[in-house]
Amino acid sequence: MGPLRSVVLAGGGTGGHIYPLLAFADCLRRHDPGVRITCLGTPKGLENELIPPAGYELRNIPAYQLPRSINMNLVRTPGRMWTAARAAGKIIEEVRADVVVGFGGYVSVPAYLAAWRRELPIVIHEVNVPPGVANRLGMKFTKHVAVGFPHQPSQAESLRDARVVGVPLRRSIAGLNRAAMQGAARAHFGLRPDLPVLFVAGGSQGARSINLAVAGAAKELARNGIQVLHVIGARNEPVPIPTDLPVPYVTLPYLSDMDAGYAAADLMLGRGGAMTCAEVAAIGLPTIYVPYPHSNQEQKRNALPVVEAGGGLLVDDTELTPDWLERTVIPLIRDPQRLHAMGAAAAAYGRRDGDEALLNFVHEAVAR
C-alpha cells in the first residue's frame, strides 16, 4: 500500500458522525505522522467543539439541511449546494487530497460532490439503517461504502454490497481493560470500590425519560446497595435525586471521558445510538438499551443484534418506569455470573479494530 499524503475527512453535526471521524484521524496519524489531515465542518456544528481540541485542522464550509427524499434533481437545482461544493472543492485542491472519507452529516454532501467532480476516490462510512440522507446521496457517486455493523447489508438494499469494517473507536475505549481500570475509575467519581455500579447515560444530549425513571428508582436501588453514576445530559433539566441515600449516587451534566464511566460500571443503561452500541459491545459491558422512540427506529435496529447475541436487554421507552428498573436491575446487577456471560456475549459481537479495517478499505479504494 502506498502512503496517503493528504486525506479530507467530512462529517459533522452530531457525535455519531464526529467521534468515528476523530478515531479514524488518529489511526491515520498513527500509521503516518506526516499525513495531512483536513476535516470539513460547518460553522454551527458540534465539530467546532471537538475537532480542533483533538489537534486536527477544521475548515468550515457552508452546508444546508437536506430534504428527506433523495433524487438527482436535489443536486442539480439548488445553487447553494453548488456554492458549498465549490468551497469544499477549493479546500480539496489546496490540500491536494488523495481521497475524501465521509462519515455523514450535511457537510459530507458538498465534499462528495466536489470529489466526484474532480474524479477523486470517495469512501463512505455509515453506521445506521436506513443510511443517513447525506450518505444516501453520496452513494450515487461511489461504490466504496463501508458499514459499522454486520446486520446493515441485509437490512438496507443500498448497503447490500457494503464492506463491514466495524466502527472506528477512540483508542481510550478500543484499548480499555475494564477490570484493570475499575478501582481507579470508581475512586475518580467518588464511588465505593466494593459495591456494584449502574452507569446511566442517554447519549450526548441525555434522555429525560431515562433520567426520570432512574431518579424514581434511586431509593430502592440504594437500599439494595447499588451505586449509580448518572450522566444527565448537558441540555436536560436536572432531575431531583433523593439526598439521604445510604450509598453514592453521582450525577454529572456531561462526561467527556466515557472510558472512565464504562470502567466504573458493572451494568449500563442508555439509548441505542450507533456509537454507544459499538463502544459497549467492543469492551464487553452488559447494557440495558432504551432506544429513542421518536425516529425511524434505527436505535432499536442498532441494539437488537447485540441483545439477540446475549449482550444486553431491550426495553421500550414507554415501558421504562422506576418499577421496571427495580424489578430488572436489582437481580441482574447482583448476579455476577449472568453479568459476566452478558459481557462475554457483547464482546464476541463487538469489535475493537474498526479504525484499522476502515484504513485498509480506504487504501483499497485509492489503489483502484
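Which residues is H144 in contact with, leaving aside its neighbours within four places in sequence? In this predicted model, where local features need pLDDT of at least 70, side-chain atom pairs count only at pLDDT 80 or more, and totals for chains, interfaces and linings use all residues, H144 is in contact (heavy atoms within 4.5 Å) with I122, V123, I124, F361, A365 and R368. Residues are numbered from 1 along each chain as its sequence is written, and side-chain values use heavy atoms, with hydrogens and water left out. H144 lies in the loop between α6 and β6 (145-147); helices (H or I, at least four residues) and strands (E, at least two) are DSSP runs, numbered from the N terminus. With a relative accessibility of 15%, H144 counts as buried, where buried means under 20% relative accessible area, exposed over 50% and partly exposed in between (1.4 Å probe, protein chains only).

Aromatic rings were examined next. Rings of Phe, Tyr and Trp (its six-membered ring) pair if their centres lie within 6.5 Å; planes under 30 degrees apart count as stacked, over 60 as edge-to-face and the rest as tilted. Three aromatic pairs are found in a search of the whole structure. One of them is the tilted pair of F24 and F103, with 6.2 Å from centre to centre and 55° between the planes. F24 lies in helix α1 (residues 15-31) and F103 in the loop between β4 (99-102) and α5 (108-117), so this pair ties together parts that are 79 residues apart in sequence. F24 counts as buried at 0% relative accessibility, and F103 counts as buried at 4%. The pair of F199 and Y262 is edge-to-face, because the ring centres are 6.0 Å apart and the planes stand at 80°. Since F199 lies in strand β8 (residues 197-201) and Y262 in helix α11 (residues 258-264), the pair ties together parts that are 63 residues apart in sequence. F199 is buried, with a relative accessible area of 0%, and Y262 counts as buried at 0% relative accessibility.

A nonpolar core is a set of buried Ala, Val, Leu, Ile, Met, Phe, Trp, Tyr and Cys residues joined through side-chain atoms within 4.5 Å. The largest such core has 70 residues, and L9, F199 and Y262 are those with the most contacts inside it. Not counting residues up to four places away in sequence, F199 touches L229, V231, L255, M258, G261, Y262, A265, L267, M268 and L269. Another core, of 34 residues, lies apart from the largest one and includes A207, I210, L325 and V329.

I210 is also one of the contacts of V290, a list that leaves aside neighbours within four places in sequence and also includes L269, G272, Q299 and L320. V290 is placed in the loop between β12 (287-289) and α13 (298-308) and is buried, with a relative accessible area of 0%.

Helix α12 (residues 274-283) is largely enclosed by the rest of the structure, because 10 of its 10 residues are buried. Among these buried residues are A274 and E279. Just after α12, G284 takes a positive phi of about 70°.

UniProt, in an unreviewed entry, places the feature "binding site" at T14, G15, G16, N128, R170, S204 and Q299; UniProt positions are given in the numbering used here, feature names are shortened, and annotations may be inferred rather than shown by experiment. N128 is located in the loop between β5 (122-126) and α6 (133-138). Leaving aside neighbours within four places in sequence, the contacts of N128 are Q152, L159, A274, E298 and N302. R170 is found in the loop between β7 (163-164) and α8 (171-174) and counts as buried at 18% relative accessibility. The charged end of R170 sits over the ring of Y19, 4.2 Å from the ring centre (NZ of Lys or CZ of Arg within 6 Å of the ring centre and within 35 degrees of the ring normal).
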